[in-house]
Amino acid sequence: MSLQRVLTGITTSGTPHLGNYVGAVRPTVRASREPNTQNFYFLADYHALIKTGGDPVRVQRSTLEIAATWLACGLDPDKVTFYRQSDIPEIPELTWLLTCVTGKGLLNRAHAYKASVDKNNAAGEDPDAGVTAGLFMYPVLMAADILMFNAHQVPVGRDQIQHIEMARDIASSFNHLYGEHFTLPEAVIEEHVATLPGLDGRKMSKSYDNTIPLFAPKEQLRKLIMGILTDSRAPGEPKDTEGSALFQLYQAFASADETAALAKAYADGIAWGEAKQVLFERLDREIAPMREIYDQLIQDPARIEKTLKAGAEKARAIATPFTARLRHAVGLRPLDQMATQKSAKAAKVAAPSFKQYREKDGQFYFKLVDAQGELLLQSEGFPSPRDAGQAIADLQQRGEPGLATLGERVKVVGERAKVTDALRFFAQNPL
Ligand code: TRP
């Protein structure tokens, strides 16, 4: 299995609720512990400006809350790259490069933008009334988030699938014009995670005002749960699990055995008040230890700021050289480095190079040789030319950190200093 880069972001426009926890935070923290993955998790605060226009205090507060939530739920910032989008100036820069290869028609078809236009049309308003260019550009900013780190997998909710498809389209357009710079990302949807119902039975969502904040103080959590909408069946009357918000919430937290036991209690006519108490206790059992950490973190924003700054440094170690390569690719080049045909040819001759080949075992290999033809790196077999090509692209784009992440699959054969020089050559002389 080759190393998979997993990336996802959460927009910093609100207070995390149980739906965010079950749908996004819990699965990503779990995924970050999987072997063979490299994880990028970030706070999408540029995206928040699109949704919260004119509420700076809320954006800042939400950034703190979401960062604290991720950390309290067990994300280890030493194991993953955990950062804030707006700490990476290369992201808006990439957004522009991508904007210039994105069809306006593609963006016209984005669900979120179309929904706003439809709403205006239905109300007899100007189609673009109240629609900012930010909303229109949302998918391009999101593509920049993903493509900057060449993510393979992007865990998201169903409502985001179209955005990942657009990121693929945009990446293909760029690659077609300027060479293979971007990996085509894929959405990862947690099939078995049901969307969580809110207090009123509809999908739990800020926009319905039916959420249960993940880290509501214990007493408030109890009160909110007691307010979940149920039918009017009396104690002793059998109850339906089907369509019961209370039951679905329980299921998202409980084991299969616990869930079966509650189903039986429903059939036996458990009183709603009692069922709510069962739900409260089960939720609180999972949440209480995390709540304690969360409350401490929230008291110490300076510590979170430091964690995010350290994450930004890690992220920029990739983003800065990669953006330099992309700038060069599109023609944003220093004028004292004009490529004359002669020097381009000379550089080619004196350059280290990757050679890709297939062995009798049917697998795909590559090696790196320096300008003198000396062998520096030797790969193991890869199942497909695409996998081998991806590993080469990693080494060319990321240099030594790329070598570190490939681990066992690429052996250093030559002198270490020569390897370092050769890899540096690729970073400094993008194709
Ligand atoms: N648009 C996503 C949401 O609202 C958040 C987001 C922004 C994101 N950039 C991303 C998710 C990149 C995955 C990858 O849920």
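Guide: Residues are numbered from 1 along each chain as its sequence is written, and side-chain values use heavy atoms, with hydrogens and water left out. Because the model is predicted, local features need pLDDT of at least 70 and side-chain atom pairs count only at pLDDT 80 or more, while totals for chains, interfaces and linings use all residues.

Visitor: What makes the pair of Phe-174 and Tyr-178 tilted?

Guide: Rings of Phe, Tyr and Trp (its six-membered ring) pair if their centres lie within 6.5 Å, and planes under 30 degrees apart count as stacked, over 60 as edge-to-face and the rest as tilted. The centres of Phe-174 and Tyr-178 are 4.8 Å apart and their planes stand at 50°, so the pair is tilted.

Visitor: Why is Phe-174 called buried, and why does Tyr-178 count as partly exposed?

Guide: Buried means under 20% relative accessible area, exposed over 50%, and partly exposed in between (1.4 Å probe, protein chains only). Phe-174 has a relative accessible area of 0% and is therefore buried, whereas Tyr-178, at 31%, counts as partly exposed.

Visitor: Why is the pair of Phe-182 and Phe-322 called edge-to-face?

Guide: The planes of Phe-182 and Phe-322 are at 90° and the centres of their rings 5.8 Å apart, so this pair is edge-to-face. Phe-182 is buried, at 5% relative accessible area, and Phe-322 is also buried, at 2%.

Visitor: How do you know that the charged end of Arg-202 sits over the ring of Tyr-208?

Guide: A charge sits over a ring if NZ of Lys or CZ of Arg is within 6 Å of the ring centre and within 35 degrees of the ring normal. The charged end of Arg-202 lies 4.1 Å from the centre of the Tyr-208 ring and sits over that ring.
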